[in-house]
Amino acid sequence: MLNGLSVDVEDWFQVGAFETVIDKADWPRLESRVERNTDAVLALFTDRSVHATFFTLGWVAERCPALVRRIVAAGHEIASHGWDHQRVFTMTPGAFRDDLRRTREVIEQAAGVAVTGYRAPSFSIDARTPWAHPVLAEAGYTYSSSVAPLAHDHYGWREAPRFAFRPLADAGLVELPVTVAELAGRRMATGGGFFRLFPAALTDFAVRQVNHAAHPAVFYFHPWEIDPDQPRVASAPLKSRLRHYSRLGAMAGKLRGLVGRHEWGRIDAVVAALP
């Protein structure tokens, strides 16, 4: 079964873990490593003959349009990750609509292709944002992959469906939650930092579990996660530093193994294959 492989294209200083200690006004002055790290991801995917969806910040696309073009030229899907990683539940519907429009215009101008997919920063579409899916549908998006169907201290919508669903009765928009493993009634995250920190066998189990139930898995990670030499933010809380920096050196090898053990592809292809 075809599973969705995805990359959230953001730089090391744009993550939620550092949002209280790094001001967005300082972003342009910090060392950017997103282009070199994303190129390394592209090389890894080329080596493994696999394609993916790159959910890209508008802020990054505006500054690195050539990177966006390289992603598309390599056969991958380019999609929206919002402008500057602002969580959806902190916006008004109008601000969210403007964020979607601004991001899409910049990415499409750089890519030369239409953007039809969206992922909310930090999976921030949840029970607090009943207006988010209607705004996405009005904007013409085909799908969203913005829900984490579990309880987490930074995000999560435990009551959300675990598999792909249509959130609106009068629109074709599809929501594809990121894959979680279910053990003894408890849901466990399997992508991003959780993939780095826990044995790869947990993610393999989750993929097999959802495929056995006749559903595609959706996996995600970030380019900065394969960069063990990135700058350290000493002022960040200890918990944030542990989450962000742990096992960065192991990530690339674990990714090579994962993409070789399952069938992966672009998320738009996964959506097209849904019943």
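Predicted model: local features only at pLDDT ≥ 70, side-chain atom pairs only at ≥ 80, totals over all residues.
In which loop is the place of H85? H85 sits in the loop between β3 (77–80) and α4 (93–111). Residues are numbered from 1 along each chain as its sequence is written, and side-chain values use heavy atoms, with hydrogens and water left out.

The protein chain contains 10 helices and 10 strands. Helices (H or I, at least four residues) and strands (E, at least two) are DSSP runs, numbered from the N terminus. The radius of gyration is 17 Å, close to the 19 Å that the globule rule gives for 275 residues, so the chain is as compact as a globular protein of that length. The radius is taken over C-alpha atoms, and the rule is 2.2 Å times the number of residues to the power 0.38. Along its principal axes, the C-alpha trace spans about 45 × 40 × 35 Å.

Contacts across the sequence were examined next. Of the contacts with a separation of 6 or more, 75% come from residues 24 or more positions apart. Contact means heavy atoms within 4.5 Å.

Of the 275 residues, 53% count as buried. Buried means under 20% relative accessible area, exposed over 50%, and partly exposed in between (1.4 Å probe, protein chains only). The largest nonpolar core has 65 residues. Within this core, F45, F54, F96 and Y118 touch the most other members. A second, separate core holds 17 residues, including Y143, L176, V178 and A189. A nonpolar core is a set of buried Ala, Val, Leu, Ile, Met, Phe, Trp, Tyr and Cys residues joined through side-chain atoms within 4.5 Å.

H85 has a positive phi of about 70° although it is not a glycine. H85 is buried, with a relative accessible area of 7%. A214 also has a positive phi of about 70°, and A214 is not a glycine. A214 lies in the loop between α7 (200–212) and β9 (218–221). T46 belongs to helix α1 (residues 34–48). T46 is exposed too, with a relative accessible area of 56%. The C-alpha atoms of T46 and A74 are separated by 8.0 Å, and the two residues are 28 residues apart along the chain.
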